[in-house]
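Here's a short tour of one protein model. Have a look at the sequence and the 3D view, then read on.

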Amino acid sequence: MALLLRAVADLDVPAIAQVMGASAGSVEQLLVRGRRGLRDHLARTQQTDRDREGTSK
């Protein structure tokens with residue numbers, strides 16, 4: 001939710017904190033963890049795609 005509010009709604013951390021009923025520090029941590037999770041997921045997806053391309057040749 002924090003990532004969507006930041007990326008799509010273009011809210012800043014204090015506004016996200018208010019919407020979510022959380023502290024600004026908590027929101028910052030959520031954003032860090034969310035970005036890391038997305039980065040890891042994309043890396044795994046890209047590796048899977050490369051693996052599939054390698055087996056189809």
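A residue counts as exposed when its relative accessible area is over 50%, as buried when that value is under 20%, and as partly exposed in between. Keep that in mind as you go, and remember that this is a predicted model.

## Two salt bridges

Let's begin with pairs of charges. Side chains of opposite charge can pair when their charged atoms come close. How many salt bridges does a search of the whole structure find? The search turns up 2.

One of them joins the side chains of aspartate 49 and arginine 52, with 3.9 Å from N to O. Both residues sit in helix H3, and because they are 3 residues apart there, about one helical turn separates them. Is arginine 52 buried or exposed? Its relative accessible area is 55%, so arginine 52 is exposed. Aspartate 49, at 37%, is partly exposed.

The other salt bridge brings together the side chains of aspartate 10 and arginine 6, at 3.6 Å from N to O. Here aspartate 10 is exposed, with a relative accessible area of 58%, while arginine 6 has 33% and counts as partly exposed.

## A closer look at aspartate 10

Where does aspartate 10 sit? You'll find aspartate 10 in the loop between H1 and helix H2, which covers residues 13-20.

There's something else to spot in its backbone. The phi angle of aspartate 10 is near 55°, which is a positive value in a residue other than glycine.

## A patch of positive charge

Now turn to the surface. Which residues gather in a patch of positive charge there? They are Arg33, Arg35, Arg36 and Arg39.

Take Arg39 as an example from this patch. Arginine 39 belongs to helix H3, which runs through residues 24-56. With a relative accessible area of 54%, arginine 39 is exposed.

## The start of the chain

Finally, go to methionine 1. This residue lies in the segment before helix H1, which spans 2-7. Its relative accessibility is 62%, so methionine 1 counts as exposed.

What does methionine 1 touch, leaving aside its neighbours within four places in sequence? Methionine 1 is in contact with Val19 and Met20.

Technical notes:
Residues numbered from 1 in each chain as written. Predicted model: local features only at pLDDT ≥ 70, side-chain atom pairs only at ≥ 80, totals over all residues. Heavy atoms only, no water. Patch = residues over 30% accessible without salt bridge, like charges linked within 9 Å, V, L, I, M, F, W, Y side chains within 5 Å. Areas by Shrake-Rupley, 256 points an atom, 1.4 Å probe, with all protein chains shown as cover. Salt bridge = Lys/Arg side-chain N within 4 Å of Asp/Glu carboxyl O. Lys, Arg positive; Asp, Glu negative; His and termini not counted. Charge placed at Lys NZ, Arg CZ, Asp CG, Glu CD. Helix = DSSP H or I, 4+ residues; strand = E, 2+ residues; numbered from the N terminus. Buried < 20%, exposed > 50% of the residue type's maximum accessible area, 1.4 Å probe, protein only. Contact = heavy atoms within 4.5 Å.
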